[in-house]
Amino acid sequence: MPPQPESKLDPEPLPISGYLISMTMERCRTFRAAAVLLPALVLAGTISRPLPTNAQAASATSPSPRSRPAIRPRQGNGMPKAVAGQPKPLPPRPPFTAAEDDDAIIPGIPDARFFADSPADFMKALPTKPGPWLVLSSGGSDGAFGAGLLNGLSASGKRPDYSVVTGVSTGALMAPFAFAGPRYDSALRDAYTRITAADVFEIGGTPESFLDSWPLKDLIAKEMTPALMADIAAQYRAGRRLFIVTTDLDAERSVVWNMGAIAAHGGQQALDLMRSVLLASSSVPGAFPPVLIDVTSSGRRFAEMNVDGGIGGQFFVAPPALLAATAHDRLPATQLYIVINSGLKPEFEVVRRSTEAILGQSVDLAVKVDTRLMLDRAYLFAKRSGVGFNVAGIPAGFSVPNRGAFDPSYMRALFQTGYDLGKSASPFSAEPPAFSGQSSSSSQGSYKSGAKK
């Protein structure tokens with residue numbers, strides 16, 4: 001991947017501060033946080049720093065050589081789209097009812113997905129034989145940890161053939177490689193060590209978002225190849241399952257996509273749908289454009305608006321009804337392995353009196369609390385089911401500074417940390433990480449808090 005050329009900043013001030021957007025990405029390293037912060041930044045609109053180009057959004061560190069989507073030339077005077085004028089409003093979407101959405105299917109692929117809150121549909125989609133499950137969480141560029149962990153597990157010979165693999169947000173992007181097996185470890189490694197911000201987003205608004213995710217869309221299209229789809233289909237026919245989660249924003253419900261069933265249908269429609277699902281699962285509303293996916297219901301065609309799967313939870317094990325403390329259901333697995341691609345430990349900081357800093361600290365805390373609560377619920381579910389519980393997270397000692405969104409140096413260091421942990425004698429802990437002030441019998445203890453600039 002060639003180094004990104006430097007570009008001059010336009011001298012005219014803008015109402016949306018590119019500087020604040022960049023700082024937001026550094027402070028809140030998942031795009032879910034950016035989705036909360038960016039609207040507030042627009043409303044504030046008080047700092048008139050110029051907006052950087054897409055090349056400047058990338059880290060200053062030169063990544064390793066790798067083919068990548070070229071930065072598209074801009075139209076007219078070369079200014080970002082947000083400068084040339086406000087994006088043209090989109091036409092209104094055709095209306096549909098909740099009942100129609102509930103019964104909707106993907107044309108030609110009726111077994112493509114189900115709502116994540118349906119225990120009956122969930123159980124129906126599972127493998128007939130129990131086996132170990134792999135659950136990959138959200139976490140943005142911190143997905144480099146999970147990618148390294150899986151590579152390390154392969155190198156140590158301790159990586160099982162997971163009967164079920166689930167992925168949310170960045171976990172969704174690594175899940176197809178993890179599901180297809182160790183032969184894709186090098187592709188997984190490259191996906192998290194040889195990219196910059198320019199491979200993921202372009203600064204410049206669309207009618208539906210503050211950033212444009214066309215680079216990520218192009219990258220997914222290059223990585224989700226017909227060969228990878230065929231390998232996923234083969235594993236599905238062998239009885240394994242790959243589930244990717246998005247959020248149906250219209251219904252306010254999480255959706256589980258049965259990627260193996262989609263792949264088994266074959267053809268360009270299936271390939272395009274798989275790519276759309278991966279993009280949707282990592283498309284934070286407000287930050288990235290949503291993904292509209294065509295469905296049919298009672299002979300009517302309409303499009304559902306799908307966004308980041310992390311909106312409904314940082315990872316996915318089973319429908320909430322099955323995880324409830326009052327439920328008596330059991331997890332149909334032999335072992336549960338959860339990979340947390342984000343920091344969980346509270347981190348003290350004297351917060352500046354600014355919108356960006358206040359919201360950034362608040363969202364960081366909310367994500368950590370949500371992840372911890374989900375881990376506790378998954379732990380109790382596994383114990384109730386007599387299933388081994390295993391969780392791995394970024395070690396608390398990891399302290400490499402993060403110099404910006406998708407900093408290649410940071411991601412390579414995090415990948416190596418995950419790799420070393422995967423090769424170690426105890427890659428996973430048998431219980432969730434300890435809370436502050438709580439003793440822990442686990443070998444890993446508390447996970448890192450999240451590196452700051």
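Me: What relative accessible area does tyrosine 379 have?

Reply: Buried means under 20% relative accessible area, exposed means over 50%, and partly exposed lies in between, with a 1.4 Å probe and protein chains only as cover. Tyrosine 379, at 23%, is partly exposed, whereas phenylalanine 389, at 3%, is buried. This is a predicted model, in which local features need pLDDT of at least 70 and side-chain atom pairs count only at pLDDT 80 or more, while totals for chains, interfaces and linings use all residues. Residues are numbered from 1 along each chain as its sequence is written, and side-chain values use heavy atoms, leaving out hydrogens and water.

Me: How many aromatic pairs does the structure hold?

Reply: Rings of Phe, Tyr and Trp (its six-membered ring) pair if their centres lie within 6.5 Å; planes under 30 degrees apart are stacked, over 60 edge-to-face, and the rest tilted. The structure holds nine such pairs, including the edge-to-face pair of tyrosine 379 and phenylalanine 389, 5.1 Å centre to centre with 90 degrees between the planes. Because tyrosine 379 lies in helix H15 and phenylalanine 389 in strand S11 (residues 388-393), this pair ties together parts ten residues apart in sequence. Helices (H or I, at least four residues) and strands (E, at least two) are DSSP runs, numbered from the N terminus.

Me: Which residue lies over the face of phenylalanine 115?

Reply: A charge sits over a ring if NZ of Lys or CZ of Arg is within 6 Å of the ring centre and within 35 degrees of the ring normal. Arginine 253 lies over phenylalanine 115, at 3.7 Å from the ring centre, and arginine 240 lies over phenylalanine 179, at 4.4 Å.
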